[in-house]
Amino acid sequence: MNVCFVIAYLLFAPLLGGLLDGTDRIISARMQRRKGPSILQPFYDLGKLFSKELIAVNNVQFLLNLSYLVILMIAGALLFFGADLLMTLFILSTADMFLIMAASSDSSPYANMGASREMLQMMAYEPLTLLIAVGFYLAEGSFQVSDIIDAPVSAILWMPGLFVGFMYTAAIKLRKSPFDLSTSHHAHQEMVKGITTEMSGPALAIMNIAEYYELVLLLGIFSLFFINSTWWSWIVAIIACGLVFFAETLWDNVSARVKWKSLLYSCWIVTLVAGGVNILILMLIK
Amino acid sequence: MNKVSKSPWLLHYDASSCNGCDIEVLDCLTPKYDIERFGIINTGDPFQADILLITGGVNSQTERVVKQLYSQMPEPKVVVAVGICACTGGIFKECYNIKGGIDTVIPVDVYVPGCAARPESIIDGVMKALKVLDEKQKAMKEDRR
Amino acid sequence: MTIILFLIGIPAVFALIFPFLHNQRIRGYVVYTGAGIVMLTTVVFIAQWIGNGAETMMLYPSTESVDHLMTVGDLFLMCLIVYLSIKYGKVLPILLSVGQTALILYIEFTTELPEGPHMAVDWLTILMCLIIAFIGGFICIYTVGYMKGYHNHHKDVKDRQPFFFSMLFLFLAAMFGLVLSQNLIWMYFFWEVTSVISFLMIGYTRSEEAVSNSFMALWMNLLGGLGFAVAIAWMAKTGGSMQLADVISIGAQLPLFCLSLAGLTKSAQLPFSSWLVGAMVAPTPSSALLHSATMVKAGVYLLIRISPALEGNLTGIIVSSIGGLTFIMASMMAIAQNDGKKVLAFSTISNLGLIVGCAGIGVEETVWGAVFLMIFHSVSKSMLFQSVGAAENSLGSRDIEDMHGLIIRLPKLAYIMGIGIAGMYLAPFGMLISKWVALRAFVDSGNFLLVLFIAYGSATTMFYWTKWLAKLISYHIPRDTVKDVTRKDEYFSMFFHAVVMILLCLLLPLIAKWLVNPIVSELFGNSKDVLSMSVLATMAIMLVSVFIVPAVMFFVSRASRRELVPIYMNGVNEGDNRFFTNSFGEKEHLYLSNWYLRFEFGRRHLRIPSILVAAAVLVLGFCLVIGGVMIG
């Protein structure tokens, strides 16, 4: 059963991620009164990128990029296998490390700026990520994902604050405005490509696939908040993930990029207020 | 599926334009013309671009930049010269610092005339460029074989 | 177990030889021999102990003459401190030193104490001995090559190498004595010896800064020593015993608090952390040996020893809060540093903070985590200090900014540094697994503040290590070629550390089973399996992901065709990725810098508030403990 989940994740996560990305682009376009591209556009992009010539600025970047993808896949596979949530999150940050290394390996000014900002973003979202794992541990008594989804009631009842906080910081991970400091999907930002500046063709395609894996992984964590031992909770979780994704898209379109200080401080404060208070209450009542 | 023309990403460079054509290029991205419906993205990064969109004639300062940007784009790639200055040098052709049109520096595939070029003609030019792009991709594949 | 005598005696004898050895070459060989013998003795000692059944041993019940020798030693140390303090016009060290020595002498001569064992050997001692002998021994070997380079570099510093090696070996002897002691007075003696050696080593260069920093280190450590002395006095007068084990079994708050104070000062926790940062003026081997790998571990060693008595009481809460606070504050201050050694100093303080926090909670899991943190921290920090020192000798700077593209310029050093940094924070290296255990234990013990500290502290820790690592691996055509002047013995030591680091990581479950679980079960009387099977499986996956994935990808990516082009600079790249043409048509040099966030996380903003908070916690705790004694 668990193995099926893992295989499904490894095979279909890029598909799902790509479709979601396509949907995101259409929704964004409609919000801006545009028609937008086809829903399959992300796949056209990937196909094109793979068909292009591979140019690079050095010999290690591609290697680090591939490592980023594979380690992300491992992190996601662990989550969908039902393994330890905290470990999954640790591996997730390890994967991100490889991305930072890939970007800073080429000594290019834009990639370097992007890498520095990516590090800062990691510093901003990391506390809440750890607190989420702690929250699940307090609420369900285990870090194991398989135990969390077998709980009699949904975790969201115990940890609404953490959920809100996670929605706030997930914008960083999904590279959504106002937190898309290191690299952005839109051309109107002050630094557009940042961390991916020196990635071309297949290297960029790998980076995009990794992003799709990450998107599905994050939605998986979101759904952990809802899934319990009943079958209909899965449907609730899927609907909730859709709503979360829509909310992030909406937020992306209505807000402008913030400065790094606002990013760091606001994330830390939200972590403290929403996450910290939630954890404190959980500790007192559990 | 892996046709370049389904997802052409463009890089816009202002070689020495008066900004008239630049504004028209940006117009293409607005809701009225919505160039993204063809899957076109304005990347701003030569490493990720397929189409180099240049406005304005080449002068002595921008010559090396144009050459370098072109070299940083992965194959297959096309160049679109937007506006009469980019095509031939326009009214600035005789200026002491102007070399002339873009084709004096790098090979140009599509010329879009106009002063400034209208968004419709820019989109038309890009669409023509896509055909060239597909041909180039085909040629590249045969080359590999 | 007469071999204990050799364990302490051999390095001490070597320490006496060095002042008479002025030939550099011969001295080098003597150091190699000495380090080799120390390691060999330790191996024999451990083999013997395990051969005898690996059970806790209590040794030397009656040692009258040695006791007297130690009294003389205490007096000698006091005289030395008084002399040097008068010479440099400092008052505080004299007061503290005279005060505590007088207190100890008074106790020794007025109180009749029951006889008891003076030394004990158990698994924790064995672990410490391993760290001291092997990390310490290899650092000694490294020092031979390093000091040559150091004096080539710093012509203004007077060459006092015989003294330096003397102190290194004497320090090893003192550390062995410290971890083997069970009797508090013995422990106190060795404790003071390490403080004084650290003081002398910090002042090695005799520059104004070095002298003032060394006195700061001295008075702070003496304050801890005073705490130790008070604990001894209380135990003698009220507890009626001199055994460390009895401090734990009696569990009275005052001696526990005073010993914790000693541990906190030694391991440079807030509010006493300034001395460790100041200690970085010393030559790098002393930073590696004393100020990160071993001496500061004496502080956490003591805290781990007494941790079973700290669970859930006031002292425990204070110790763990101060540890947690230090963990986050020091890691924030590390962000703003660009001097490699300063970053290492702050990260040492920060990691020790985590260990102290674990010890303060005082349950099986946290101590398990603390011991693991200690092992990993010793190895990787010693390795990092050595590689920064070696890089400094080659580059002429230890500024992290100057290490841009070190992987091209000094590849071997860059790899060693990289392994060290990875060991400090990356999955699946040990620090992370310990953090995993610590976090779970903090949650279990219901300590909300510590959970927050560890969550935020991990984030800041990640930031300063990542940016350093990123700096190392930047591919960059160097401006000038650097000659690697690192000597063979330095590489020998660093490679040893790197191999140990990787082995520790690979053999983690075995180490947990054979070394760390016994330690925990000795301290607490029982042991749980802290690492469950599922976690071990996850660990294995992580190992695969971090080691094998990049290796496989290396071959995958090598097979692909690619064309190398210049990087994008938004102006014309002049071709070698170092210069670009600016808008005036001039060539301009590209300079890439890390983020230091000086105005947000700088020392000048955080130091005073964090010291004040920590001091307030400490004073408040002290008042409560004293109040408790008065009422009780």
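Analyst: In chain C, helix H14 (residues 314-335) packs against helix H25 (residues 603-631) at an angle of about 175°, and their axes lie 10 Å apart. This is a predicted model, in which local features need pLDDT of at least 70 and side-chain atom pairs count only at pLDDT 80 or more, while totals for chains, interfaces and linings use all residues. Residues are numbered from 1 along each chain as its sequence is written, and chains are lettered from A and ligands numbered from 1 in the order in which they are written.

Helices here are DSSP runs of H or I with at least four residues, numbered from the N terminus; axes are lines fitted to C-alpha atoms over the stretch in contact, and angles run from 0 to 180 degrees between N-to-C directions. The angle makes H14(C) roughly antiparallel to H25(C), a term used for angles over 145 degrees.

Among the residues of H14(C) that meet H25(C) are C:Leu314, C:Ile318 and C:Met333, and the partners in H25(C) include C:Arg603, C:Val613 and C:Val625, where contact means that C-beta atoms, placed from the backbone, lie within 7 Å. By class, the contact of H14(C) with H25(C) has 14 nonpolar, four polar and two charged residues; Ala, Val, Leu, Ile, Met, Phe, Trp, Tyr, Cys and Pro count as nonpolar, Asp, Glu, Lys and Arg as charged, and the others, Gly among them, as polar.

Elsewhere in chain C, helix H5 (residues 123-153) and helix H22 (residues 508-524) pack at an angle of about 135°, with their axes 8 Å apart. That makes H5(C) oblique to H22(C), the term for angles left over once those under 35 degrees (roughly parallel), over 145 and from 65 to 115 (roughly perpendicular) are set aside. C:Trp123, C:Leu124 and C:Leu127 in H5(C) meet C:Leu515, C:Pro518, C:Ile519 and C:Glu522 in H22(C).

Conventions: Helices (H or I, at least four residues) and strands (E, at least two) are DSSP runs, numbered from the N terminus. Two residues are in contact if their C-beta atoms, placed from the backbone, lie within 7 Å.
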